[in-house]
Amino acid sequence: MSHGVLEVSGLPATAISVGASAFVYTNREGRPVNVLVSGGTVTTIELSRNSGASWTLAGLLAGQFYLAPADQMRVTYAVAPTRTMIPF
């Protein structure tokens with residue numbers, strides 16, 4: 001366990017530094033990852049599979065999200081959430 005989060009691949013969970021809203025995270029791990037989003041005051045979470053050319057609303061304001069390599073997640077917020085990356 002790391003940060004109270006199960007390590008799926010044996011690699012540790014890693015905190016993602018959150019920049020200014022709307023913050024975009026790109027999965028550059030070379031493998032799928034889950035990204036956990038919690039806390040803060042989130043207004044939207046969107047996902048993109050085409051380098052940000054188009055975005056899809058996730059329909060949730062917190063939770064665990066699967067990102068394939070090069071997928072992106074954009075989080076818009078008033079108060080920054082905690083984000084944790086868990087490699088597969």
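This report describes the strands, the surface and the salt bridges of a predicted model.

The chain holds 0 helices and 8 strands, and its pattern along the sequence reads β-β-β-β-β-β-β-β. An open sheet of 4 strands is arranged in the order 1-8-3-6, with antiparallel pairing. Strand 1 (14-15) and strand 6 (63-67) stand at the edges with a single partner strand each, so one side of each lacks a neighbour in the sheet. Strand 6 pairs with strand 3 (residues 33-38) in the antiparallel sense over 5 bridges; within this pairing, leucine 36 has glutamine 64 of strand 6 as its bridge partner.

Of the 88 residues in the chain, 34% are buried. The accessible surface comes to about 4,700 Å², and carbon and sulfur atoms account for 56% of it. Among contacts with a separation of 6 or more, 72% join residues 24 or more positions apart.

A search of the whole structure finds 2 salt bridges. One joins glutamate 46 to arginine 74, with the closest N and O atoms 2.8 Å apart. Glutamate 46 lies in strand 4 (residues 41-48) and arginine 74 in strand 7 (residues 72-79), so the pair ties together parts 28 residues apart in sequence. Aspartate 71 and arginine 49 also meet in a salt bridge (2.8 Å, N to O). Here aspartate 71 belongs to the loop between strand 6 and strand 7, and arginine 49 to the loop between strand 4 and strand 5 (56-57), 22 residues away.

| Residue | Relative accessibility | Class |
|---|---|---|
| Glutamate 46 | 13% | buried |
| Arginine 74 | 22% | partly exposed |
| Aspartate 71 | 7% | buried |
| Arginine 49 | 61% | exposed |

How values were computed:
Residues numbered from 1 in each chain as written. Predicted model: local features only at pLDDT ≥ 70, side-chain atom pairs only at ≥ 80, totals over all residues. Heavy atoms only, no water. Pairing = 2+ DSSP bridges. Helix = DSSP H or I, 4+ residues; strand = E, 2+ residues; numbered from the N terminus. Buried < 20%, exposed > 50% of the residue type's maximum accessible area, 1.4 Å probe, protein only. Contact = heavy atoms within 4.5 Å. Areas by Shrake-Rupley, 256 points an atom, 1.4 Å probe, with all protein chains shown as cover. Salt bridge = Lys/Arg side-chain N within 4 Å of Asp/Glu carboxyl O.
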